[in-house]
Amino acid sequence: MDALKKYRAATGITELVMIAIGLLFLIPFYFLTVNSVKSFGDLMSNAASLPQAWEWENYRKAWEITDFPAAFLNSLTITVVSNLALAFFSATAAYWMVRHNTRLNRLLFFLFVAAMVIPFQSIMIPLVKVGGYLGLMDSLYGLIICYLGFGVPLSIFLFHGFVKSIPLEIEEAARVDGSGTLGLFYRIVFPLMKPMFVTVIILNTLWIWNDYLLPSLVLQSPGDRTIPIATYAFFGQYTKQWDLALPALVLGILPVIVFFLTMQRYVIEGITQGAVKG
């Protein structure tokens, strides 16, 4: 009864607006899933209608043409290795910069934050030239190193703010008990940073898994194709096979949607705690 008394008209209107906004964001998923099981002619005649005949064969063709298992393995390898490296290096660097607040560390943090506003398109050509000199082109490990460079600024920024929220008294108590710097970090600080680890991993997963531009610059061999590059095979200069491209897109986004829904409860918590003192 108390809850009903507190429920006001403004609350109901707000909920209706939020539901409408949520449905608005789901519209692209409707077009994607519905049109993925249409014939090409049915898709071109009316993209908003339900299928006249359900063409599940589209998924089999998209699976075979894209060599989906190989593309999935490449995307998974790049995403997992890049994420682990980004989380580890960013967490340790941010912790060191926060707990050793020297002028040099403040300058380094400023440079990392400044790097976040540099558009990727402005450094594409220098990236290709430097990558060629260093032998990073046309290899999965070269692409992973590139992701480390581009992902570190945001990851350090988030970890930097989160470390500030960890009470210094906890670390001082651990030092009194005889814990060294490494032991203190891995046994005390590391578990406390779990929400931010999950947040950084989710944000970087969404970016790396769906990225097309950087893999298209670095990877050239057909065997190294990621899912976004493999999907682009359906788009030529004169032909666009939407009836096969859409099933490939559905197959490509399913793993990352499942991953995000599983871990989403950590995102808001981690970003909030990281932003409060960032």
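This is a predicted model: local features need pLDDT of at least 70, side-chain atom pairs count only at pLDDT 80 or more; totals for chains, interfaces and linings use all residues.
Entry 1: Residues are numbered from 1 along each chain as its sequence is written, and side-chain values use heavy atoms, with hydrogens and water left out.

I then searched for aromatic pairs, taking rings of Phe, Tyr and Trp (its six-membered ring) with centres within 6.5 Å; planes under 30 degrees apart are stacked, over 60 edge-to-face, and the rest tilted. The count by this rule is 19 aromatic pairs. F120 pairs edge-to-face with F150, at 5.1 Å centre to centre and 75 degrees between the planes. F120 lies in the loop between α6 (103–115) and α7 (124–134) and F150 in helix α8, so the pair ties together parts that are 30 residues apart in sequence. For helices I used DSSP runs (H or I, at least four residues), numbered from the N terminus. F150 is partly exposed, with a relative accessible area of 27%.

Entry 2: I recorded F190 and F197 as a tilted pair, 4.7 Å centre to centre with 45 degrees between the planes. F190 is partly exposed at 32% relative accessibility, whereas F197 is buried at 11%. Both belong to one aromatic cluster, together with Y95, F159, F185 and Y186.

**Entry 3: the nonpolar cores.** I defined a core as buried Ala, Val, Leu, Ile, Met, Phe, Trp, Tyr and Cys residues joined through side-chain atoms within 4.5 Å. The largest has 36 residues, and L143, F159, V189, M193 and L214 have the most contacts inside it. Helices α5 (68–99), α8 (140–164), α10 (181–192), α11 (194–210) and α12 (213–218) each supply at least two residues of this core. Helix α8 gives the most, with 11 residues.

I checked V189 for contacts (heavy atoms within 4.5 Å). Leaving aside residues up to four places away in sequence, V189 touches Y95, I166, E171 and L184. I also found a second, separate core of 13 residues, which includes F68, W209, L246 and V256.

**Entry 4: helix α2.** I looked up I21, which lies in helix α2 (residues 9–35). I21 is partly exposed, at 36% relative accessibility.

Definitions and conventions:
Buried means under 20% relative accessible area, exposed over 50%, partly exposed in between (1.4 Å probe, protein chains only).
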